[in-house]
2 protein chains.
Amino acid sequence: MQRILARLYAALLLGAMLSTFPAAHAATAAPIASTPADPLADSDGYDLWLRYRPLPVAGRAHLPAAVVTAGADSPTLQAARAELQRGLAGMTGKPVAIGGGARAGSVVLARGADLPSGLAETNAVRDALRPLGSEGYLVRRVHLNGMPVTLIAANADVGLLYGSFAWLRQLQLGTAADGVALASRPQLPLRVLNHWDNLDRTVERGYAGESIWNFWELPGVVDPRYTDYARANASLGINGTVLNNVNAKAEVLSADFIAKAAAVADVLRPYGMRVYLSVRWSTPLELKETKTADPLDPDVAAWWKRKADEIYKTIPDFGGFLVKANSEGQPGPQDYHRNHAEGANMLARALAPHHGIVMWRAFVYASPDEVKAAKAGGPVHDRAGQAYEQFQPLDGKFDDNVLVQVKNGAIDFQPREPAHPLFGAMPKTPLVMEFQITKEYLGYAMHLAYLGTLFEETLRFDTRAGNRDMTVAQVLEGAQAGKVGGIAGVANIGSSRNWTGSTFDQANWYAFGRLAWDQRLDARAIAREWAMQTFAPDARVVDPVADIMMRSREAVVDYMTPLGLHHLMGTGHHHGPAPWVNNLERADWNPAYYHRAGPDGIGFDRGAKGSDVIKQYAPEVARRFADPATTPSEFLLWFHHLPWTYKMPSGRTLWPELIAHYDRGVDEVAAMEASWQRLRPFVDARRFDDTARRLAQQHREAQWWRDACIAYFQHVSGLPLPADVRAPAQSLQYYESLRFPYAPGRG
Amino acid sequence: MQRILARLYAALLLGAMLSTFPAAHAATAAPIASTPADPLADSDGYDLWLRYRPLPVAGRAHLPAAVVTAGADSPTLQAARAELQRGLAGMTGKPVAIGGGARAGSVVLARGADLPSGLAETNAVRDALRPLGSEGYLVRRVHLNGMPVTLIAANADVGLLYGSFAWLRQLQLGTAADGVALASRPQLPLRVLNHWDNLDRTVERGYAGESIWNFWELPGVVDPRYTDYARANASLGINGTVLNNVNAKAEVLSADFIAKAAAVADVLRPYGMRVYLSVRWSTPLELKETKTADPLDPDVAAWWKRKADEIYKTIPDFGGFLVKANSEGQPGPQDYHRNHAEGANMLARALAPHHGIVMWRAFVYASPDEVKAAKAGGPVHDRAGQAYEQFQPLDGKFDDNVLVQVKNGAIDFQPREPAHPLFGAMPKTPLVMEFQITKEYLGYAMHLAYLGTLFEETLRFDTRAGNRDMTVAQVLEGAQAGKVGGIAGVANIGSSRNWTGSTFDQANWYAFGRLAWDQRLDARAIAREWAMQTFAPDARVVDPVADIMMRSREAVVDYMTPLGLHHLMGTGHHHGPAPWVNNLERADWNPAYYHRAGPDGIGFDRGAKGSDVIKQYAPEVARRFADPATTPSEFLLWFHHLPWTYKMPSGRTLWPELIAHYDRGVDEVAAMEASWQRLRPFVDARRFDDTARRLAQQHREAQWWRDACIAYFQHVSGLPLPADVRAPAQSLQYYESLRFPYAPGRG
């Protein structure tokens with residue numbers, strides 16, 4: 001016993017030494033929690049993928065003991081240096097010197113314009129830097145005054161920061177320091193988070209506690225956590241953040257609130273992040289400073305111009321506005337019979353002198369006229385087609401500094417949707433992809449659902465616009481007509497200690513950021529590198545963790561919305577199954593509107609005899625989706641209403657096939673759970689236990705989804721359960737009776 | 001530079017070693033964040049006063065290296081051992097052995113029934129234990145098998161836990177291990193926190209983030225933080241917690257919610273803490289399980305009995321119910337023309353078979369009949385007298401397991417109130433003191449206001465009940481007729497990393513807990529011991545910190561509500577000054593109702609010619625309060641309406657005296673700020689900076705209170721500002737125009 005204690009003690013001593021060191025030296029305000037060397041020492045998850053745990057002794061051999069900077073200093077350079085120092089000290093357990101002359105093995109940070117004179121490879125580095133733009137970076141082994149050093153070079157300061165993070169990532173993955181050679185630049189200049197954070201610190205669709213923005217105490221009190229937020233985002237290359245909910249309040253543009261945003265912007269600036277604000281269309285009217293919110297009214301335009309000028313006085317690099325207009329009850333230009341382009345352009349002109357942008361959301365369903373007609377009993381056109389109908393005709397009508405932000409699918413962040421038909425259909429308009437990182441429809445922070453596969457699937461969707469290869473990623477990159485867009489993710493970040501409410505939800509922030517930087521990265525590769533940094537670069541952990549992640553989203557699809565079903569969730573909170581709901585004010589808020597299940601069959605006919613929105617896709621795609629036989633089975637019931645007896649490629653008919661998917665979803669969660677249990681020896685008790693408890697709850701909820709949906713579809717179809725299918729545990733009435741008045745994430 | 005780095009490195013190495021060690025060894029689920037030895041290493045405040053930082057080498061000399069337990073093990077004993085191990089390892093930097101035979105210097109934990117056979121002082125220890133009850137403890141140096149050891153002894157397990165914490169506290173204060181001799185027991189058996197936490201995780205009057213109770217994820221996911229919550233409370237002797245808001249929802253008594261409460265109870269149990277629930281009077285009616293909520297209806301009583309039985313099945317040591325009935329819109333027995341005793345007793349009888357209790361709140365203002373009359377334009381009687389009027393006549397009518405919970409003052413947790421007249425007036429009823437630890441009316445978590453002085457002032461208030469010495473503390477202890485009550489504190493705890501929103505708000509939790517254990521402790525002594533544990537046992541820190549704390553609450557009184565003024569704050573959120581408000585539905589919600597300022601003077605006449613509630617105090621006290629000349633100046637305008645020209649003991653008239661108080665309040669904050677600035681060399685950067693920013697904001701807000709109130713009182717009095725008095729910075733209209741729609745802590 002004494003010997004065990006002594007050994008453990010020695011190990012802890014080493015570990016503590018390694019881990020505590022960098023935090024104490026770091027120049028940033030907030031120390032990342034220290035991470036003991038013992039791989040099984042508990043982690044509370046605060047340090048995310050930036051754990052910088054000690055490398056095996058062999059891996060430390062070529063790690064630099066000094067960080068040297070060339071050229072003038074800057075806050076961004078200081079941030080890069082501090083991160084290198086923190087990371088290297090963590091991984092080597094040795095102090096890291098800053099400044100002084102370069103020695104053999106040093107890491108040298110230099111802008112292209114400041115390459116040190118003794119560099120042997122100056123011309124080659126300059127050539128390599130040329131195509132890397134203002135955000136790209138280069139990491140290579142070079143010779144300085146005859147000594148081998150690691151050079152991190154870039155055309156601008158933020159590239160040096162990104163390069164430092166990229167290099168540290170490679171080291172964390174176990175790459176030998178002298179073996180790293182990197183050159184990368186992002187394709188999309190706009191890579192932003194959208195916080196749906198309210199001024200009262202609640203977060204719409206937030207499942208990780210309240211907002212990290214303590215708007216009440218800002219600007220007087222500035223939480224050191226904002227610095228760690230900036231570090232985490234910069235490590236991925238996320239370069240902007242919209243602080244507040246798209247369902248915005250007029251007070252956001254008050255002088256008091258602008259001062260709060262400015263205090264946040266001051267923290268984020270050295271990390272290359274700009275601050276944006278969501279604005280409410282009717283702000284000047286609500287503040288009683290104009291008599292209308294009509295975009296063509298000169299007083300209104302002048303008000304916005306003055307307001308933009310005011311903002312840029314305190315936030316000189318303010319990014320711009322995100323606008324949700326004429327959507328879900330929000331006011332907008334259509335209230336004045338102006339179209340979205342007229343609305344967006346008015347705001348854009350206020351921002352243009354300051355180089356700000358407008359991100360105008362295309363998530364608008366049903367125009368005011370349609371709503372009026374619907375209230376009078378008229379039909380509402382298929383919601384899946386409404387954004388296209390309103391926006392596609394405006395292609396080419398937007399000012400240069402307007403980007404149209406389009407959700408990945410045409411309904412609303414469902415577990416699976418086909419890509420939005422607007423991608424490829426607006427070649428003259430820069431589009432911003434809007435992904436939802438927070439899991440409004442995929443089990444909150446409780447279910448393990450890795451979204452890397454969802455993001456990848458959408459980005460790789462070939463729109464066939466112009467009858468040629470044209471993936472969604474290419475559309476965003478402006479491959480059609482040079483209009484380069486961006487990518488936005490609805491944040492899953494809150495004040496929860498581990499940021500995202502669960503360990504595995506950190507991976508969704510990570511995957512979003514990595515794909516925002518490079519839309520061609522592979523979801524599995526991202527999962528693996530996340531697992532290596534988050535747990536350990538050990539195949540015994542990484543392989544099973546990546547495997548769990550890669551199958552996880554499909555499991556959710558199977559137990560919630562298989563075969564292209566969608567929008568079956570509970571009203572308002574969106575928790576749990578509620579396919580039976582059919583009494584909501586708007587027809588297209590009802591699950592029954594979407595699944596259309598009855599004795600005759602199930603699914604939404606979006607073909608020529610149905611809502612006909614398939615034709616919004618490019619002809620090649622539309623042809624494929626028009627025929628059930630050529631429609632991928634994962635979108636089958638999205639596009640087609642089919643009889644229960646429809647013969648599936650599996651040989652089964654639709655009804656047992658549907659049940660099989662539900663069962664597979666539940667079985668997959670059970671398999672994920674079992675897989676996780678085998679990881680007990682390799683994961684610290686705290687994160688192991690938390691994840692195990694969440695998986696157990698996910699299992700129960702998957703079973704509930706399966707049981708409730710089968711009970712319901714059996715009820716409306718009148719079909720018997722096939723032999724060997726387990727009957728739902730409870731009656732349909734029981735599932736219908738469940739209520740969740742205190743579910744988190746309400747708006 | 002290299003030498004400095006090396007030195008710093010060596011220091012860090014040592015510190016990290018010392019601090020990381022105990023967490024890794026601790027038996028509890030959640031490690032308290034590690035605390036580096038460097039006194040200036042940043043602390044995020046998570047470890048509260050349980051930091052266990054390394055003692056100077058001299059102080060470590062006699063610290064045990066082993067913890068030995070006698071008798072059967074238990075979860076509570078395990079918790080005590082783990083804490084001793086954590087604390088000793090932290091303070092000595094050496095591993096601490098558990099179990100095995102006692103060696104010289106060991107610490108020995110033993111119940112009175114399990115005293116080890118080789119103990120020289122067995123009889124003396126047994127004698128000393130006899131008066132210590134089931135929660136008291138004894139710590140003394142004894143001889144075991146001839147070796148000196150430290151004995152922690154108690155009659156029951158929880159006493160061993162309390163004794164362990166008490167001993168560790170003494171060590172943290174710098175007392176030599178061989179010099180500690182303790183014997184203590186609490187006078188009040190009921191020492192509870194009241195969480196005003198809602199089921200949606202908002203916290204009414206919470207300024208430290210959302211609720212620490214993640215009700216949504218419970219019972220599936222159990223946050224390790226609950227364990228640290230239990231440790232912190234047990235370290236003070238707090239032995240119960242009411243999980244949810246007194247403005248309770250019917251769902252609290254659903255089977256789902258009881259399972260959540262049970263999961264929390266399982267975590268708290270080893271730490272001697274019982275779980276209680278706030279219940280809504282009309283629960284069975286709202287759940288549609290009875291047809292009425294009339295306490296005399298047999299179905300209602302039977303429902304509550306069944307519900308109590310159900311609760312005790314999963315929470316066998318459930319504490320009982322806290323009830324807010326017929327108060328601020330909550331339903332209650334008066335809705336059925338039954339009195340509070342009839343209501344409380346019905347619940348008490350459901351709990352009695354399980355030894356549960358009812359804490360029935362006396363915070364009821366205006367009976368339903370009065371409200372009805374007021375709506376018809378009738379007068380509402382002085383709110384300060386209403387609780388007494390409704391409750392005093394019921395003295396002796398409550399069942400044995402009912403306690404009446406009385407706020408410290410008769411209005412509502414104002415910066416200063418005279419003690420509630422019910423104290424001393426209900427000798428036959430056990431009373432529970434309700435303090436508010438969260439600073440609803442004292443500047444949220446932004447203002448530094450140490451409440452130890454407020455608690456002490458109330459507890460020491462001599463009620464003169466029975467015309468003899470009878471402090472409020474004695475009343476609670478049952479000195480009148482043997483009815484022993486308790487003490488409750490409305491928690492200031494949230495999910496903020498530092499628990500309470502600011503470093504100094506931790507002191508209010510601490511002071512509440514210490515005074516709950518021993519009502520005779522001195523507020524300054526508590527401040528000093530808190531400062532030693534929270535910062536360092538160093539006079540250069542402790543003296544100025546204690547000084548800041550001791551003057552802080554009086555500063556708030558001066559800049560908010562000097563000379564007995566009260567209830568001058570903003571509507572709803574209670575942030576900032578609003579003495580002008582006079583348009584609220586109920587007269588007694590208006591600041592103007594309370595200050596009654598006009599050209600003739602200011603203050604509330606509660607004497608015979610006024611509301612006459614002074615007569616609710618015992619005769620000696622009432623006589624003193626009836627005459628302005630014998631009324632303490634801090635209560636002057638609480639009890640008297642006086643002309644502006646009233647001559648104060650200072651020689652000044654009331655108007656300049658009032659202004660002088662406002663000015664003194666602001667000046668005091670400036671002095672506190674300056675004092676804090678001088679502490680920069682002694683406090684870690686993170687806590688130093690956070691506190692400095694808060695004090696700066698407090699200074700601005702103190703100035704705002706002073707300016708707005710002076711502007712208003714000048715306006716209503718028509719008096720000129722005395723010479724040399726600085727005019728308010730803004731117009732009264734400006735102050736009146738301020739709105740705070742997103743203030744935290746709404747119900």
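## Backbone exceptions in chain A loops

A:Asp724 sits in the loop between helix H21 (685-717) and helix H22 (732-737) of chain A. (Helices are DSSP runs of H or I with at least four residues, strands are runs of E with at least two, and both are numbered from the N terminus.) Its phi is positive, about 75°, although A:Asp724 is not a glycine. The relative accessibility of A:Asp724 is 84%, so it counts as exposed. (Exposed means over 50% relative accessible area, buried under 20%, and partly exposed in between, with a 1.4 Å probe and protein chains only.)

This is a predicted model: local features need pLDDT of at least 70, side-chain atom pairs count only at pLDDT 80 or more, and totals for chains, interfaces and linings use all residues. Residues are numbered from 1 along each chain as its sequence is written, chains are lettered from A and ligands numbered from 1 in the order in which they are written, and side-chain values use heavy atoms, without hydrogens or water.

A:Arg596 is another residue other than glycine with a positive phi, near 50°. Look for A:Arg596 in the loop between helix H17 (591-595) and helix H18 (619-626) of chain A. At 35% relative accessibility, A:Arg596 counts as partly exposed. Most residues other than glycine have a negative phi, and most peptide bonds are trans.

## Cis peptide bonds

The bond between A:Leu218 and A:Pro219 is cis, with omega about -5°. A:Pro219 belongs to the loop between strand S7 (190-194) and helix H5 (225-236) of chain A.

Chain B has a cis bond from B:Leu218 to B:Pro219, with omega near -5°. B:Pro219 lies in the loop between strand S7 (190-194) and helix H5 (225-236) of chain B.

## Two buried loop residues in chain A

A:Glu477 is in the loop between helix H13 (472-476) and strand S14 (486-490) of chain A. Its relative accessible area is 18%, so A:Glu477 is buried. Beyond its neighbours within four places in sequence, A:Glu477 is in contact with A:Gln187, A:Leu188, A:Lys483, A:Val484, A:Gln519 and A:Arg520.

A:Leu451 lies in the loop between strand S13 (431-436) and helix H12 (452-460) of chain A. It counts as buried because its relative accessibility is 1%. Leaving aside neighbours within four places in sequence, A:Leu451 is in contact with A:Gln436, A:Ile437, A:Lys439, A:Leu442 and A:Asn508. A:Leu451 and A:Trp705 are 254 residues apart in sequence, and their C-alpha atoms are 20 Å apart.

## Helices H15 and H16 of chain A

Helix H15 (residues 523-534) and helix H16 (residues 539-560) of chain A pack at about 135°, with axes 9 Å apart. (Axes are lines fitted to C-alpha atoms, for helices over the stretch in contact, and angles run from 0 to 180 degrees between N-to-C directions.) H15(A) and H16(A) are therefore oblique to each other. (Under 35 degrees is roughly parallel, over 145 roughly antiparallel, 65 to 115 roughly perpendicular, and the rest oblique.)

On the H15(A) side, the contact includes A:Ala523, A:Ala527, A:Trp530 and A:Met532. On the H16(A) side, it includes A:Val542, A:Val545, A:Met549 and A:Met550. The contact residues divide into 10 nonpolar, no polar and four charged. (Ala, Val, Leu, Ile, Met, Phe, Trp, Tyr, Cys and Pro count as nonpolar, Asp, Glu, Lys and Arg as charged, and the others, Gly among them, as polar.)

## A six-stranded sheet in chain B

An open sheet in chain B has six strands in the order S2-S1-S3-S5-S4-S6, with mixed pairing.

Strand S1 (residues 66-69) and strand S3 (residues 107-111) of chain B run parallel, joined by three bridges. B:Thr69 stands opposite B:Leu109 in S3(B).

## Strand S13 of chain B

Six of the six residues of strand S13 (residues 431-436) of chain B are buried, so the strand is largely enclosed by the rest of the structure. Both faces of S13(B) are covered. One side carries B:Leu431, B:Met433 and B:Phe435, and the other B:Val432, B:Glu434 and B:Gln436.

S13(B) pairs with strand S12 (residues 402-407) of chain B in the parallel sense, over four bridges. It also pairs with strand S14 (residues 486-490) of chain B in the parallel sense, over five bridges. B:Glu434 stands opposite B:Lys407 and opposite B:Ala488 in S14(B).

Definitions and conventions. Contact means heavy atoms within 4.5 Å. Two strands pair if DSSP finds at least two bridges between them.
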